[in-house]
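Let's take a walk through a protein together. Have the sequence and the 3D view ready, and follow along from one feature to the next.

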Amino acid sequence: YCVTSPGYLKLLDFYLSEARYDVIHFNNGCHSFDTSDADWEKGLRAALQLIRLRQPQAKLIWGMTTPNRNEARNLRVKNLNALAARVIDKFDGIAVDDLYAQMDSLDRKTQWRDDFHFVQSAISVQADVVSKICLESLKN
């Protein structure tokens with residue numbers, strides 16, 4: 001789902017009502033390729049407001065969208081990350097996990113399965129990065 005998909009906020013609200021979360025690491029990029037910038041920003045802002053409303057105690061971490069192997073699509077990824085930064089900056093206390101930079105350094109011929117997905121060794125790199133930032137946020 002994309003933050004502009006019909007029913008997205010209803011689904012998000014359902015998940016947020018199921019448990020109490022200490023950390024929420026979130027992202028919404030690659031499913032957003034065909035969404036207008038204005039609609040996507042509005043959707044991300046609404047999602048963040050809902051997360052803060054339902055889980056005010058949770059530490060929030062924005063996971064930047066990872067690069068795309070296709071350079072034309074990668075321009076859209078960079079644009080979505082810039083849009084997200086603009087929205088995130090308006091909310092206090094949201095950490096940023098720069099998964100884009102982490103994955104961009106990997107070899108596109110050997111570490112990508114296709115334009116969007118990584119091979120297992122690269123997925124392990126992502127898992128390590130995400131788990132580290134989530135665990136560190138629990139210490140604060």
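A salt bridge here is a side-chain nitrogen of Lys or Arg within 4 Å of a carboxyl oxygen of Asp or Glu. Before going further, please note that this is a predicted model, in which local features need pLDDT of at least 70 and side-chain atom pairs count only at pLDDT 80 or more, while totals for chains, interfaces and linings use all residues. Residues are numbered from 1 along each chain as its sequence is written, and side-chain values use heavy atoms, with hydrogens and water left out.

Between aspartate 115 and arginine 69, the closest N and O atoms are 3.6 Å apart. Aspartate 115 sits in the loop between helix 4 (99-104) and helix 5 (120-139), and arginine 69 in the loop between strand 2 and helix 3, so this pair ties together parts that are 46 residues apart in sequence. Helices (H or I, at least four residues) and strands (E, at least two) are DSSP runs, numbered from the N terminus.

How many salt bridges does the structure hold? There are eight salt bridges. Another of them joins the side chains of glutamate 41 and arginine 86, at 2.4 Å from N to O. Glutamate 41 belongs to helix 2 and arginine 86 to helix 3, so here the linked parts are 45 residues apart in sequence. Is glutamate 41 buried or exposed? With 12% relative accessibility, glutamate 41 counts as buried, while arginine 86, at 44%, counts as partly exposed. Buried means under 20% relative accessible area, exposed over 50%, and partly exposed in between (1.4 Å probe, protein chains only).

Now look for the nonpolar side chains. In soluble globular proteins, nonpolar side chains tend to be buried together. A nonpolar core is a set of buried Ala, Val, Leu, Ile, Met, Phe, Trp, Tyr and Cys residues joined through side-chain atoms within 4.5 Å. The largest one in this model has 27 residues, and those with the most contacts inside it are Phe26, Trp40, Leu48, Trp62 and Ile94. At least two core residues come from each of helix 1 (8-18), strand 1 (23-26), helix 2 (37-54), strand 2 (59-63) and helix 3 (71-88).

Finally, find serine 137 in helix 5. Serine 137 is buried, at 9% relative accessibility. Leaving aside neighbours within four places in sequence, serine 137 is in contact (heavy atoms within 4.5 Å) with Val23, Lys59 and Ile61.
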